Amino acid sequence: MDLATFWFLVIALFWLGYLFLEGFDFGVGMLLPFLGRTDTERRVMINTIGPVWDGNEVWLIVAGGATFAAFPGWYASLFSSAYIPLLVLLLALIGRGVAFEYRGKVNSDRWRKLWDAAIVAGSWVAPLMVGLVLSASVFGLPLDANGDRVGSWTTIFSVPTIIGALAVTGFSLLHGAVFLALKTEGEIRHRARRFALVAGLPLLLPAVALLLIAQFTGGDSWTWVPLVIALAAALTGLFRLARGREGQAFALQAITITAVVVTLFGVLWPNVLPSTLNPEWSLGVAETASSPYTLKVMTFVAALGAPAVLAYQGWTYWVFRKRIGTKHIPAAHAPSGSGH
């Protein structure tokens, strides 16, 4: 396997890590006003992702950085063409992060509701933008022979990309509910489980549509295999959740998103950004890759750094692996909102 192909697979892996880990972060934020009936219950929900949400976002940064270094042509065309959606994504992530940090700084219901609204808004907007940009890379943009976008930034909107945005958002919402059922106890756990069982199938429909569109527009015979695995794992996960096996359901969601990413990047290969104007103008792996020396240096650095990052993140999840409930939440002790 040449290094350009290797880094294409690595970038797909980064996207997989981001969609799986940040997916339940987004889902928890989206469900905050629906499953958290009191401030204490909302604090429980936020605390389930409190130790890990910022680490999960690193996967997106690494995916973007690896694309810039390994495939500068891909990075230049995609990021310039999708500049507005990426800017909206960045603002949503910033607002969400600030809200997590500032929510408990003042002991005031009005203060907390303000930052809760920021968490909810950012958690809905971010997966929509992620799905829009990622599906645009898979299904293509109106690129000319120079790799420049033809038309305004709104050309990123098409039926497949809108479905992709809904697919990532729907999966994140379901993923967050299953995560809450796994990580909490008491009423929040039961509410999350009921929500996932009732809304699970409708939330998965955009993802099913996305996979079928990808398969019938550019798939190969082998990409049917991960597509079928994704559907089977998703349905089996809901079945196991109904039996009270939240851990198995969560693991099956990992299989689902893995199979989805394999299908989409399998359909994309050997391109990195198709042109909807002319297939001959599509950007491929070989022509957009960096020099062999650059890819060798990247591989060496990744071989040294990746195990340490994975070990640290795995250790974090292990330390905070237990369920939490309202009994674990201490009384609010932040300064009163009436002060300066």
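The contact is made by Trp15, Tyr18, Leu19, Phe26, Gly29, Met30, Leu32 and Pro33 on the α1 side, and by Asp116, Ile119, Val120, Ser123, Trp124, Ala126, Pro127, Val130 and Leu134 on the α6 side, with contact taken as heavy atoms within 4.5 Å. Sorted by type, the residues of this contact come out as 14 nonpolar, 2 polar and 1 charged; here Ala, Val, Leu, Ile, Met, Phe, Trp, Tyr, Cys and Pro count as nonpolar, Asp, Glu, Lys and Arg as charged, and the others, Gly among them, as polar. The model is predicted, so local features need pLDDT of at least 70 and side-chain atom pairs count only at pLDDT 80 or more, while totals for chains, interfaces and linings use all residues. Residues are numbered from 1 along each chain as its sequence is written, and side-chain values use heavy atoms, with hydrogens and water left out.

As for geometry, the axes of α1 (residues 3–35) and α6 come within 8 Å and cross at roughly 145°. These axes are lines fitted to C-alpha atoms, for helices over the stretch in contact, with angles running from 0 to 180 degrees between N-to-C directions. Helices (H or I, at least four residues) are DSSP runs, numbered from the N terminus.

Turning to the rings, a search of the whole structure finds 21 aromatic pairs. Rings of Phe, Tyr and Trp (its six-membered ring) pair if their centres lie within 6.5 Å, and planes under 30 degrees apart count as stacked, over 60 as edge-to-face and the rest as tilted. Tyrosine 18 and phenylalanine 26 have ring centres 6.3 Å apart and planes at 80°, so this pair is edge-to-face. Both tyrosine 18 and phenylalanine 26 are buried (under 20% relative accessible area; exposed is over 50%, partly exposed in between; 1.4 Å probe, protein chains only). Phenylalanine 216 and tryptophan 224 also pair edge-to-face, at 5.5 Å centre to centre and 75° between the planes. Phenylalanine 216 is exposed at 63% relative accessibility, and tryptophan 224 is partly exposed at 34%. Phe8, Phe71, Trp74, Phe265 and Trp269 form one aromatic cluster.

Then there is tryptophan 153, which sits in the loop between α6 (109–139) and α7 (159–183). Tryptophan 153 is partly exposed, at 34% relative accessibility. Leaving aside residues up to four places away in sequence, tryptophan 153 touches Ser81, Ile84 and Pro85.

Definitions and conventions:
Helices (H or I, at least four residues) and strands (E, at least two) are DSSP runs, numbered from the N terminus.
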